[in-house]
Amino acid sequence: MIGVFDSGFGGLTVHRALIEALPERDFVYLGDNRNAPYGARPPIDVLNLTCTALERLFAEGCTLAIVACNTASVVALRWIQQQWLPARRHDDGVARNAIGIVIPTIEAVTGIGWHEGGSAAQETKQSSTIAVFATSRTVQTGCYPIEIRKRRPDITVVQQACPELAGSIERGVPRREIRELVEQYVGELLNRIGTTPDSVILGCTHYPLVTDLFAAALPCGVRIIHQPEATARALKFYLNRHPEYDVSNAGRRIFLSTGFSNEALPLIEKFWGDKLPFLEA
């Protein structure tokens with residue numbers, strides 16, 4: 001079984017793309033809605049909450065988990081992969097792994113796979129300006145500019161923190177208020193950089209739920225990188241390289257939540273196309 005974890009509802013955007021790409025696989029989704037959003041939390045809180053969520057997914061029988069939260073991916077995932085998971089394997093002998101969504105997104109935006117290295121085929125790729133809209137914590141880490149620069153130093157990366165957006169989406173505030181927030185953050189970035197970006201990364205999994213609002217606020221012709229689709233492509237490649245995690249093919253779906261606001265359900269059900277049978281985690 002493959003686990004998908006997010007701080008709240010936002011990871012459903014990734015989860016939807018994963019089950020469409022791999023409909024025969026068993027998936028369990030866990031939203032830590034009670035503690036959402038993660039974007040303003042101290043790093044140690046993000047780390048502890050992420051480990052707790054992964055433990056819950058492992059208890060469901062998952063051996064592979066997708067951390068479908070940008071904040072958790074950039075703050076906690078490397079330590080979890082290098083320190084926490086090896087220690088757990090030493091204790092119980094079970095091979096488990098957790099992978100994030102940042103690297104697939106960077107691969108999509110740069111056009112260079114991680115195995116190709118930072119300079120591969122660079123001369124044939126057009127330089128550009130990429131804007132990243134993300135939580136305050138993700139912006140503070142500088143993860144996207146740093147990792148994109150490793151592969152494509154010719155790309156200019158500009159960032160815009162959106163401190164209130166994920167929480168507003170999670171709480172199900174009126175769409176008018178969310179539109180105003182999106183327009184505010186887009187306006188702040190455009191005024192600051194004084195030009196139009198070629199592409200945009202929505203660096204929080206909540207944001208694809210309102211992609212249409214970003215598209216309306218941005219100048220015409222700006223490409224929006226679809227993080228869920230990039231993650232789904234990366235997972236298919238990963239499973240091809242790691243068949244040890246390809247162990248269940250019954251198409252089962254489980255949805256878990258630590259508790260959420262009912263006001264957000266209409267947006268989620270409209271996005272998903274149906275009601276979701278959430279169970280208490």
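This is a predicted model: local features need pLDDT of at least 70, side-chain atom pairs count only at pLDDT 80 or more; totals for chains, interfaces and linings use all residues.

Biologist: Where do Arg252 and Asp26 lie?

Modeller: Arg252 is in the loop between α11 and β9 (253–257), and Asp26 is in the loop between α1 (12–21) and β2 (27–31), so the bridge ties together parts that are 226 residues apart in sequence.

Biologist: And is Asp26 buried or exposed?

Modeller: Asp26 is buried, with a relative accessible area of 1%.

Biologist: How many salt bridges does the count come to?

Modeller: The count comes to 15 salt bridges. Another one pairs Arg88 with Glu55, where the closest N and O atoms are 2.8 Å apart. That pair links distant parts of the chain, with Arg88 in helix α4 (residues 77–92) and Glu55 in helix α2 (residues 43–59), 33 residues apart.

Biologist: What's the relative accessible area of Arg88?

Modeller: For Arg88 the relative accessible area is 15%, so Arg88 is buried. Glu55 comes out at 35%, which makes Glu55 partly exposed.

Biologist: Which helix does Arg78 bridge to?

Modeller: Arg78 forms a salt bridge with Glu147, and there the closest N and O atoms are 3.9 Å apart. Arg78 lies in helix α4 and Glu147 in helix α7, so this bridge ties together parts that are 69 residues apart in sequence.

Biologist: What else touches Arg96?

Modeller: Thr63 does: leaving aside neighbours within four places in sequence, Thr63 is in contact with Met1, Ala95, Arg96, Asn97 and Tyr245. Thr63 is found in the loop between α2 and β3 (64–67). With a relative accessible area of 19%, Thr63 is buried, though the cut-off for that label is under 20%.

Biologist: Switching to rings. How many aromatic pairs does a search of the whole structure find?

Modeller: The search finds 9 aromatic pairs. One of them is Phe9 with Phe278, an edge-to-face pair at 5.9 Å centre to centre with 65° between the planes. Phe9 lies in the loop between β1 (2–6) and α1, and Phe278 is in strand β10 (residues 278–280), so the pair ties together parts that are 269 residues apart in sequence.

Biologist: Are Phe9 and Phe278 buried or exposed?

Modeller: Both Phe9 and Phe278 are buried. They also belong to a cluster of ring pairs that links Phe9, Phe255, Phe271, Trp272 and Phe278.

Biologist: Okay, now helix α5. Which of its residues are buried?

Modeller: In α5 (residues 102–110), Val102, Pro104, Thr105, Ile106, Val109 and Thr110 are buried.

Biologist: What covers them?

Modeller: The cover includes helices α3 (70–75), α7 (143–151) and α11 (227–241), along with strands β5 (129–134), β7 (199–203) and β8 (223–225). Just after α5, Gly111 takes a positive phi of about 75°.

Biologist: Let's zoom out. How many helices and strands are there?

Modeller: There are 12 helices and 10 strands. The radius of gyration is 18 Å, close to the 19 Å that the globule rule gives for 281 residues, so the protein is as compact as a globular protein of that length. Along the principal axes, the C-alpha trace spans about 55 × 45 × 35 Å.

Biologist: And how much of it is buried?

Modeller: Buried residues make up 54% of the 281. The accessible surface comes to about 12,400 Å², and 50% of that belongs to carbon and sulfur atoms.

Definitions and conventions:
Residues are numbered from 1 along each chain as its sequence is written. Side-chain values use heavy atoms; hydrogens and water are left out. Buried means under 20% relative accessible area, exposed over 50%, partly exposed in between (1.4 Å probe, protein chains only). Helices (H or I, at least four residues) and strands (E, at least two) are DSSP runs, numbered from the N terminus. Contact means heavy atoms within 4.5 Å. A salt bridge is a side-chain nitrogen of Lys or Arg within 4 Å of a carboxyl oxygen of Asp or Glu. Rings of Phe, Tyr and Trp (its six-membered ring) pair if their centres lie within 6.5 Å; planes under 30 degrees apart count as stacked, over 60 as edge-to-face and the rest as tilted. The radius of gyration is taken over C-alpha atoms; the globule rule is 2.2 Å times the number of residues to the power 0.38. Accessible areas come from the Shrake-Rupley method with a 1.4 Å probe; for residues, only the protein chains shown count as cover.
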